[in-house]
Amino acid sequence: MAELNVLKQEDIDDLVRQYEGRAIPRFVASATLASELKSTIHYAKLIAISSKNAQAITARAGEWGQGFSGITQFIEEIAARSMVCAADIGAASRELSRSAVKLMNQQKFAAALNRSMRVNEAKSEELREILQRNLKDQAQLEEETNGYYRSVRKLLTEIRDCTRALKSIVANCRIEASRAGPFQESLFTIAENIENAAERISERIAIGLRLMGLLT
């Protein structure tokens, strides 16, 4: 399986150290999260491809592949659900990142307005009105950001359940592969590919949940 250039737990340790105990800005953590979770789609697709390959092999295997064939339907369903979930995670995490950047810009603008109000008393009332609108926009963006945060967390839990189900199915795949005679080796490879892809998704989920923790 081709390895992607993805973050490891040590990379996040480095990120935390860079801020020397200070809170990591939301836009940094959310952008890292959005980039990192892209890879879940790649691994979910690999599971779907393995499922299709298994179907092709069991079709050729005839009676030898009957046991494994009964499992492929479950794999395909979970793979399909994982792909939808991974795509939704990608979309929600990108929105989370965009929302966090907008919020940061609004906060900077508010700070600039406050500075202007201190040095330009003649226009303070006019600037105060702009600041009030800005604070209202910030509140809305906070609400949106929190909504995307909850969505990503829920989706991460959902895809984690999918990968747990896949790992359970892999054990059955190996049992049925051992009964597949001349097709045994090919089906063992399929089971291994599914297990590896599920494991890679589990690792991404662990990284994603840690990054989510940095956003709170």
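## Serine 30 and its contacts

Setting aside neighbours within four places in sequence, S30 is in contact (heavy atoms within 4.5 Å) with S93, L96, S97, A100 and L215. This is a predicted model, in which local features need pLDDT of at least 70, side-chain atom pairs count only at pLDDT 80 or more, and totals for chains, interfaces and linings use all residues. Residues are numbered from 1 along each chain as its sequence is written, and side-chain values use heavy atoms, without hydrogens and water.

S30 sits in helix α2; helices are DSSP runs of H or I, at least four residues long, numbered from the N terminus. S30 has a relative accessible area of 0%, so it is buried (under 20%, with a 1.4 Å probe and protein chains only).

## Helices α2 and α4

The axes of α2 and α4, lines fitted to C-alpha atoms over the stretch in contact, come within 8 Å and cross at roughly 160 degrees. That makes α2 roughly antiparallel to α4, a term for angles over 145 degrees.

From α2, R26, F27, S30, A31, L33 and A34 meet residues of α4, including S93, L96 and A100. The residues of this contact divide into nine nonpolar, three polar and two charged.

## The largest nonpolar core

A nonpolar core is a set of buried Ala, Val, Leu, Ile, Met, Phe, Trp, Tyr and Cys residues joined through side-chain atoms within 4.5 Å. The largest one has 49 residues, of which L33, I75 and V152 touch the most other members. Helix α6 gives the most to this core, with 12 residues.

Beyond four places in sequence, V152 is in contact with L33, L37, A92, S93, L96 and M212.

How values were computed: Buried means under 20% relative accessible area, exposed over 50%, partly exposed in between (1.4 Å probe, protein chains only). Helices (H or I, at least four residues) and strands (E, at least two) are DSSP runs, numbered from the N terminus. Axes are lines fitted to C-alpha atoms, for helices over the stretch in contact, and angles run from 0 to 180 degrees between N-to-C directions. Angles under 35 degrees count as roughly parallel, over 145 as roughly antiparallel, 65 to 115 as roughly perpendicular and the rest as oblique. Ala, Val, Leu, Ile, Met, Phe, Trp, Tyr, Cys and Pro count as nonpolar, Asp, Glu, Lys and Arg as charged, and the others, Gly among them, as polar.
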